[in-house]
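Subject: Structure handover

Hello,

Here is the structure I promised to pass on. Please open it alongside this note.

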Amino acid sequence: MTLDKANLLKQCLGATRFVWNYFLAENQRMMEAYRADPSNPRPNTTFFSLGKEFTQLRRTTDWLGELPFNPIRYVLKYQADAWQQCFRSDKGFPKFKSRWYDTDSVTFPAGSFRLNGRSLHLAKIGQVVISGANPYADCEPVSVVIREECRKFYATVCYAVEHVEHNQNGEVLGIDRNVGQFATSAGEIRYLSDLSKLESRRRRYQRMMARRQQPDRKREIKPSHRYLKAKQLAAKTSRKIAHILNDWQHQESRRIADHFQFVVIESLNTQGMTRSAKGTIEQPGKHVRAKSGLNRSILATGWSSFKLKLAYKAELIEVAPIHTSQKCHQCGHIEKENRKTQSRFECVSCGHSGNADINAALNILALGTRAIGQGGRSGYGPDELSRNLRG
C-alpha cells in the first residue's frame, strides 16, 4: 500500500469519527430539549433521516466531498441502531468516539468495493492487496470493514454464505469451562497457551503509560509522544494476546464440532460472576485483590466468545449450573465436601474420586442428554445467534 492510499484510509477513519460525533451531539441536544419540553421537535434518528442530513453536511464541507460517500455515511447506520437500542433498553445515549481511546473503522458496503482474489479495490482509495487465506472465495462479498491497529490496516470481508449443516452423528459432549482451560465429558482437559509473559509485558507498558502525560478531554491536554509510544507497545501486545486466544477458541470449537453434534455447557452469568467485590465505604468488600485477579482471569479466557464460536459450529445446549461441581456423577450425592480441592473430587457417599472438572462435565452432559430427550435446545436459533454475534 502506498503512502497516499494509507493517508486516504486514515482520513476515512477520522471522517467516520467526526460524522459520528457531529450527529450524536446534535441529536443529544435535541433529545434533551424534547425531554425538557415535549413541544420541541424530537430528533429523527433513523438511518434514512441521518443519511439525508449527512448529504447536506457533505455539500457544505469540502474535505468530506473528497472522501467516498457511502462508507462515511454508513457509520450513521450504526448510530441509528445504537439509538434504537437506547430507546428499547433505556441504557442511555450512545457514546462519543475518542481519538485516543477508541479504534476507528470504516465500512465499505456493497457497490463501494470490488474483490478479485487478493486484490481489493476501494472507492476513491484505489487498489490494495490483502493477505491471508480466503475460505469463501466462491461466495459473494457484501461488505468490507477497514480498521487500523498498531499502524497496520486490517480488512474484514463479510460474505453471504449458505447455511452449513451441523454434524448429524447424534454424539453429545459436555463441557465445563474454567479459567484458562475447559474439561470435557470425554475425559479431556484442554489448556489455553501460557500467556503470562505477554500479560506481564502488557502490564509493564500500562505502568509506563500511567507515568506519562495522558490525554484529558476536559482540560484539553494532549498526550505526550512518550505516552503514545507506550500505548502503541501495549496495544501491540494486547493484539497478540487476542489473536492467540481467538485462534485457540476457533481450533478447539472446530475440533469439537467435527466429532459431536450436540455440545452442552453451563448457562453462566459472566457479568455477575465478574462483578467487583470492592463494595462501598460503609460496607467494604473482602478479598478484593484476589477477586479482581479472578475476574481478570475469567474475562481473559473468553467464555462468551467461546460459546458463540461453538453455537454456529454445533448445536449448543445450555443447562443450569447449580450443583454441577458438587454432585457425584456416579451416585448423584450432592455435598460441598465432595470438592476436596480445585481439581480433586472425592464423593463422601460412594467414595468415587477423580478430576473435579471432568466430574462436572459429566454432570453437565447428563443434564444436556435429559434436555435432548425432552426436545430441549439452547434457544440459539439463527435469528438469536445473529443478534449475539452482532453484539
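Which residues make the nonpolar surface patch of about 300 Å²? They are F18, Y22 and W63. Please keep in mind that this is a predicted model.

Y22 lies in helix α1, which covers residues 3-36. Its relative accessible area is 41%, so Y22 counts as partly exposed.

Strands β1 and β5 (residues 140-149) run antiparallel and are joined by five bridges. Look at V106 for an example: its bridge partner in β5 is I146.

Another open sheet has five strands, in the order β9-β8-β7-β10-β11. Here the pairing is mixed. The edges are β9 (189-191) and β11 (315-319), each with pairing on one side only. The twist in this sheet averages 25° from one strand to the next. Three bridges link β8 (residues 181-184) with β9, in the antiparallel sense. Within that pair, Q181 stands opposite Y191 of β9.

What packs on this five-stranded sheet? Helix α9 does, spanning residues 303-311. Helix α9 touches β7 (172-178), β8, β10 (262-266) and β11. The direction of α9 makes about 165° with that of β7.

Best wishes

Conventions:
Residues numbered from 1 in each chain as written. Predicted model: local features only at pLDDT ≥ 70, side-chain atom pairs only at ≥ 80, totals over all residues. Heavy atoms only, no water. Pairing = 2+ DSSP bridges. Helix = DSSP H or I, 4+ residues; strand = E, 2+ residues; numbered from the N terminus. Axes fitted to C-alpha atoms, helices over the stretch in contact; angles between N-to-C directions. Contact = heavy atoms within 4.5 Å. Patch = residues over 30% accessible without salt bridge, like charges linked within 9 Å, V, L, I, M, F, W, Y side chains within 5 Å. Areas by Shrake-Rupley, 256 points an atom, 1.4 Å probe, with all protein chains shown as cover. Salt bridge = Lys/Arg side-chain N within 4 Å of Asp/Glu carboxyl O. Buried < 20%, exposed > 50% of the residue type's maximum accessible area, 1.4 Å probe, protein only.
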